Amino acid sequence: MKKILLAFLITLCYTLTTAASDNNYVPGELIVMLKHGQNLQSLTRDFGFIGLTMREPVVEYMNIWLLRYNNASYNDDYVLNEVRKNNAVQIAQFNHYVSERVIPNDPFFYPNQWSMNNTGQVIGGVTGVPDADIDGPEAWDLTTSGLTAAGDSIVVCVVDGGFYLTHPDLKFWKNWYEIPGNNIDDDNNGYIDDVDGWNAYNQNGTITGNTHGSHVSGIAGALGNNSLGVAGVNWNIKIMAVMGSSGTEAVVVRAYGYCLKQRRVYDSTNGQRGAFVVSTNSSFGVDYGQPANYPLWCAFYDSLGSAGILNACATANLNINIDVTGDIPTACPSEWMVSVTNTTNTDAKNSGAAYGLLTIDLGAPGTNIYSTYTSGNYASLTGTSMATPHVAGAVGFMYTVAPLSWIQQYKANPGPYSLVVKQKILQGVDPKPSLQGITVSGGRLNLYNSALLMQNLTAIENGNGSIPALYRLYQNYPNPFNPSTVISFDIPKESFVSIKVFNAIGQEVAVLADGFMKAGEYQKVFRADNLPSGVYFYKLTADNYSDVKKMTVVK
């Protein structure tokens with residue numbers, strides 16, 4: 001019941017928020033996802049009076065289309081609202097502009113990967129704090145294989161502006177079942193000549209050079225221990241090159257569609273074709289974007305998640321509170337997104353990076369990060385763009401250390417089990433004062449800690465479903481409320497559990513749980529009889545896991 005209520009709340013959020021303040025889109029264009037079995041021609045016929053026509057498919061196999069209409073004669077909001085009311089339409093929205101998130105090179109870059117192993121070296125004129133890193137060498141002592149216990153080759157799908165495929169320190173995924181240059185979809189996956197990946201801008205398999213994409217790829221997966229250049233978070237994984245990180249939202253959704261399709265092909269062919277994509281990396285977005293105006297983009301993380309793919313996303317390169325200002329994608333409500341901010345070699349949050357107690361999951365090194373750049377060169381860049389591939393790579397690393405029994409269960413039920421990986425990423429962080437109270441986990445990525453948690457997993461025995469698979473904190477219902485609401489949560493094993501309520505300035509106003517609890521699904525009633533109207537936060541802490549959600553009292 002509570003999961004149905006949560007889905008209802010998310011839907012209600014999208015419905016109640018209007019697009020009136022939304023002006024960051026291509027005039028005269030809509031992205032529409034039709035319901036299963038519905039026909040595009042019928043929709044365009046119904047709206048012939050506004051000149052609604054198909055411009056191009058976005059993800060055709062999911063019935064997602066880019067449409068155009070006569071915006072000179074009809075108001076944009078009117079068109080969007082009318083199309084949304086059509087019985088054939090699942091989701092409709094504007095086609096938003098998107099820009100890459102990158103900060104120019106730091107002129108004092110130093111060729112040393114402090115983010116992996118910080119010994120206190122000077123980076124950009126700043127003396128580092130020893131161990132302000134992700135503990136790469138410690139993690140690499142566990143494994144550097146790039147394979148699961150079942151022999152699957154780990155693939156991280158990097159969506160970016162382009163890639164230098166010839167860089168000798170990068171290993172890119174190849175679609176060997178496609179013949180290049182013959183203009184035929186040889187493997188019948190819906191994409192023509194996609195040997196090297198996919199160019200969502202031009203809708204072809206031609207991948208062009210881009211320093212940003214190559215830099216991000218090297219952080220996640222540069223070849224290690226090969227006497228050349230740098231080492232990535234993973235030494236032997238494969239990078240799937242997908243171009244589509246700027247321009248319009250239709251390009252972004254199309255790019256994600258390729259990542260998802262290759263994972264679906266892999267699963268449907270038992271690994272004979274496609275790719276074992278376990279994470280995506282997105283170092284781009286829309287500053288101040290509101291999720292209600294981007295329902296397709298936000299919902300696509302759920303689609304990816306259902307296939308077992310977690311999505312590492314860079315937050316804004318602005319010192320703003322995403323809980324208040326909004327952001328796309330890091331304000332999206334999907335559980336399968338891991339939102340990342342930027343930390344320095346002193347374990348401070350970068351002063352130019354965003355934060356949010358409800359929206360930003362963790363920090364990762366992103367300041368003066370040295371990585372692959374052009375075809376054979378290396379450089380240092382700064383930004384949340386550089387923090388995020390540390391996390392995308394860490395997600396891939398979790399699958400290399402997971403026990404065989406767990407991998408088998410994940411393959412049978414990828415969506416829920418991928419959330420276990422997210423949980424271990426957040427549980428394994430190093431708590432940092434600079435991130436406490438402004439991120440969900442309150443900490444900075446630690447690859448080694450999370451890998452140990454993952455390595456020690458046992459197969460999850462759900463039995464009849466009475467024992468949850470992982471810790472979960474659900475959105476309260478009703479919300480807003482007066483005088484009471486229900487807070488639901490899951491505990492997968494006996495743990496010391498704390499649930500506390502705080503007001504908007506961080507003062508504790510109630511304690512709902514504070515002691516050992518057995519595994520199970522729980523509900524707590526919170527009454528606000530003596531509290532004034534306003535915004536409140538409730539936080540669950542258990543076994544190094546924490547999550548925070550917001551609720552509103554209205555009197």
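Predicted model: local features only at pLDDT ≥ 70, side-chain atom pairs only at ≥ 80, totals over all residues.
Strands, like helices, are DSSP runs numbered from the N terminus, and a strand has at least two residues.

**Exercise 1.** Find where His167 lies, and decide whether His167 is buried or exposed.

*Solution.* 
- Start with the strands: His167 sits in the loop that links strand S7 (154-160) and strand S8 (197-199).
- Next, take the accessibility. Buried means under 20% relative accessible area, and His167 has 2%, so His167 counts as buried.
- Now look at the surroundings. Leaving aside residues up to four places away in sequence, His167 touches Thr372, Tyr373, Thr374, Ser375, Gly376, Asn377 and Tyr378.
- Finally, pick out one of these, Asn377: the His167 side chain reaches the backbone oxygen of Asn377 at 3.1 Å.

**Exercise 2.** Work out how helices H10 and H11 are oriented to each other.

*Solution.* 
- Locate the pair: H10 covers residues 404-412 and H11 covers residues 414-427.
- Their axes come within 6 Å and cross at roughly 135°.
- An angle over 145 degrees would count as roughly antiparallel; H10 and H11 are therefore oblique to each other.
- On the H10 side, Trp406, Gln409, Tyr410, Lys411 and Ala412 make the contact, and on the H11 side Pro414, Tyr417, Ser418, Val420 and Val421.
- Sort the residues of this contact, and you get seven nonpolar, two polar and one charged.

Definitions and conventions
Residues numbered from 1 in each chain as written. Heavy atoms only, no water. Axes fitted to C-alpha atoms, helices over the stretch in contact; angles between N-to-C directions. Helix = DSSP H or I, 4+ residues; strand = E, 2+ residues; numbered from the N terminus. Parallel < 35°, antiparallel > 145°, perpendicular 65-115°, else oblique. Contact = heavy atoms within 4.5 Å. Nonpolar A, V, L, I, M, F, W, Y, C, P; charged D, E, K, R; others polar. Buried < 20%, exposed > 50% of the residue type's maximum accessible area, 1.4 Å probe, protein only. Polar contact = N/O pair within 3.5 Å; in protein donor to acceptor, adjacent residues only side chain to side chain.
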